[in-house]
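Subject: Structure handover

Hello,

Here is the structure for you to look through. Notes on what was found in it follow below.

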Amino acid sequence: MILFFGTRLRRRVLGVGTFDCPHCAVVRAVERVASRVWAHLFWIPLFPLGTPRVSLQCTACHGEWPLSPGGGAGAVGGLSMPQA
Ligand SMILES: [Zn+2]
């Protein structure tokens, strides 16, 4: 019998806003995304592994910047996002 067991990164959008994207160098739409690795068996998620990571992702260039533990945007400026 063959078991298909592995890990997969699952992402969930927590909110949408705008920010001054460092890569695009203009104000762009941004998504606040929580990502976490899950163990799966036959592509069915079983349980999460590790801690979730929250980051900002530009919807135009798909660049991703991690948020600081306090929820701040770190080096990313001009963030305008409603808190979920
Ligand atoms: Zn961008």
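**Overall layout**

From the N terminus on, the elements of the protein chain run β-β-β-β-β. That is zero helices and five strands, where helices (H or I, at least four residues) and strands (E, at least two) are DSSP runs numbered from the N terminus. This is a predicted model, in which local features need pLDDT of at least 70 and side-chain atom pairs count only at pLDDT 80 or more, while totals for chains, interfaces and linings use all residues. Residues are numbered from 1 along each chain as its sequence is written.

Of the 84 residues in the protein chain, 6% count as buried. A residue is buried if 20 or more other C-beta atoms lie within 10 Å of its own, exposed if 12 or fewer, and partly exposed in between, with C-beta atoms placed from the backbone. As for contacts, two residues are in contact if their C-beta atoms, again placed from the backbone, lie within 7 Å. Among the contacts in the protein chain with a separation of 6 or more, 52% are between residues 24 or more positions apart.

**β1 and β2**

Strand β1 covers residues 5-20 and lies largely in the open, because the number buried among its 16 residues is one. It pairs with β2 in the antiparallel sense over 15 bridges; two strands pair if DSSP finds at least two bridges between them. Within this pairing, Arg12 stands opposite Ala34 in β2, and Phe5 stands opposite Leu41 in β2.

Phe5 lies in strand β1. It is exposed, because 10 other C-beta atoms are within 10 Å. The C-alpha atoms of Phe5 and Ile44 are separated by 9.3 Å, and the two residues are 39 apart along the chain.

The hairpin of β1 and β2 has six residues between the strands. Ala25 is in the loop between these two strands and has a positive phi of about 65°, although it is not a glycine. Most residues other than glycine have a negative phi. Ala25 counts as exposed, because it has 8 C-beta neighbours inside 10 Å.

**His40**

His40 is found in strand β2, which covers residues 27-41. Is His40 buried, exposed or partly exposed? It counts as partly exposed, because it has 16 C-beta neighbours inside 10 Å. Leaving aside its neighbours within four places in sequence, His40 is in contact with Gly6, Thr7, Arg8, Pro45 and Leu46. For one of these, Thr7, the C-alpha atom is separated from that of His40 by 5.7 Å, with the two residues 33 apart along the chain.

**β2 and β3**

Strands β2 and β3 run antiparallel and are joined by eleven bridges. The bridge partner of Arg32 in β3 is Leu56.

The hairpin of β2 and β3 has two residues between the strands, and Phe42 takes a positive phi near 55° there. Trp43 lies in the loop between β2 and β3, the latter being residues 44-58. Trp43 has a positive phi of about 65° and is not a glycine. Trp43 counts as exposed, because it has 8 C-beta neighbours inside 10 Å.

Regards
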